[in-house]
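Reader: I would like a close look at a single part of this model. Please keep it brisk.

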Amino acid sequence: MKRKVEIAGGGIAGLSAGALFARHGWEVNVHEQGSEIREVGAGIYIKNNSLEVLEKLGVLDRIRGQGTVLERAQIQFADGTVKQERPLRDKSRVHTFARQVLIEGLRDAALEAGVNIVTGSRVTGALPGKGLLTADGGLHEADLVIAADGVHSAVRNSLKMGGGFTELPTIINRYLVEGRAFTSQPKTVEHWSGNRRIGVTPSGPDHTYVYMVAPAWDAKAARFPIDVEDWSRRFPKIADLMPVLHRAEGTQYHYGLVKCPKWSVGNIAILGDAAHGLPPTLGQGAGLTLMNAYALAHLVADADDVAAAVAAWEQRVRFISDRTQAWAVRYDWFTRQWPTSLDFARPLVAWSFGQFKCLNERMRVADRGLAQAGIDMMGEARP
Ligand SMILES: Cc1cc2nc3c(=O)[nH]c(=O)nc-3n(C[C@H](O)[C@H](O)[C@H](O)COP(=O)(O)OP(=O)(O)OC[C@H]3O[C@@H](n4cnc5c(N)ncnc54)[C@H](O)[C@@H]3O)c2cc1C
């Protein structure tokens, strides 16, 4: 008889894990509270570790033409000087996509693998050893339950293990702008001005992804739609972009952080942002999610004792997410809290992070993928 996994959440975590388990021959139900599979209008950086999983799933081939293969990453200061430049190749390779393109690629791979996606199904919790609970009063029995329901995870919260979500005092505005007028080259540029940052990145042939980051206490920066004059004064070299952003449809969020003491409770696995939500300073939330989903299916799908295999999964892979989360928080702190009186030293710190290989490798531990957890992804993909 087929074994069954019930998954809470139809985001990157739920769809990738669903597709992977279905390809291992499991019956898979994904419960998504929304009426359809949807993402916010923004771009997303997809790094080497994510690409390895998307290649295995056949998703990269499906969506490659709708993304951009980046060649370089730069940090530029407001006066236009480049303070850090990194080539993006090998383990540092990065593609960018519109989020909707990525989620539809994952959705289609999941459906093709035989996943049953149930939209409009809100999960309220889970019972270890039993199954998933939904708002309609259902108990969906399963051999494995996956909590992939994001930073405010109802499943994680129902397990009463402590930890949870904390909002951080940094705001981010995100936009997906039509056209490539502001970024004709395949490079991503992050512009710095004091403790504000603006990232400008091509996101496929016809779109540009822009994000603006500032401390939450910076009242002018927090205005939404943006204060064109104020942002232009702080970023004179890209002032032409500001009226475009003022008119564009965007979203504003606070950065957040999830502390999750355990990712495994009996036959329940906590995956993605529900387990390790982190500030997006390293562009690795989806990367960790995809890697951990791959490892979960790889280690659990053929195991006789599911609960023991889920615990072994956490033991094996968690260190990569914990270290990445710690660096993402440091990066957020540095760019937000660094005192203006020490602004003169900021370029030096930015430069040294680009320059010293050991610092860069530590901060970007996730880019190197699952090989460092002893999981070989080079073997043949399952049919
Ligand atoms: C501003 C920002 C920029 C980012 N940039 C990058 C980047 O460039 N690169 C990168 O790798 N990562 C990035 N990330 C992180 C990345 O977006 C997340 O790590 C990733 O989306 C996590 O996927 P998830 O499926 O775990 O969670 P989510 O995307 O939150 O998906 C959870 C899903 O579960 C559903 N759900 C929630 N509660 C319930 C419930 N009770 N019942 C049923 N369904 C439910 C939701 O509707 C949603 O569809 C960024 C994040 C942010 C906030």
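Author: A word on the source comes first. This is a predicted model, where local features need pLDDT of at least 70, side-chain atom pairs count only at pLDDT 80 or more, and totals for chains, interfaces and linings use all residues. Residues are numbered from 1 along each chain as its sequence is written, and side-chain values use heavy atoms, with hydrogens and water left out.

Now H11. Helices (H or I, at least four residues) and strands (E, at least two) are DSSP runs, numbered from the N terminus. The expected span of a helix is 1.5 Å times one less than its number of residues. At the start of H11, a side-chain oxygen of Asp305 comes to within 3.3 Å of the backbone nitrogen of Ala307.

Next, helix H10. H10 has 16 residues and reaches 22 Å from first C-alpha to last, close to the 22 Å expected. Of its 16 residues, 14 are buried (under 20% relative accessible area, 1.4 Å probe, protein chains only).

The largest share of the shell around the ligand, three residues, comes from H10. In total, 28 residues surround the ligand, each with a heavy atom within 4 Å of it. The closest are Ala13, Glu32, Arg99, Val123 and Asp273. The shell divides into 10 nonpolar, 12 polar and six charged residues. Here Ala, Val, Leu, Ile, Met, Phe, Trp, Tyr, Cys and Pro count as nonpolar, Asp, Glu, Lys and Arg as charged, and the others, Gly among them, as polar.

Some atom pairs show the detail. A polar side-chain atom of Glu32 lies 2.6 Å from an oxygen atom of the ligand. A polar backbone atom of Gln33 is 3.1 Å from a ligand nitrogen atom. For Gly287, a polar backbone atom is 3.3 Å from a ligand oxygen atom. The protein covers 84% of the 1000 Å² of accessible area that the ligand has on its own (Shrake-Rupley method, 1.4 Å probe).

How values were computed. A polar contact is a pair of N or O atoms within 3.5 Å; within protein, one must be able to donate a hydrogen and the other to accept it, and residues adjacent in sequence count only if both atoms are side-chain atoms. Buried means under 20% relative accessible area, exposed over 50%, partly exposed in between (1.4 Å probe, protein chains only).
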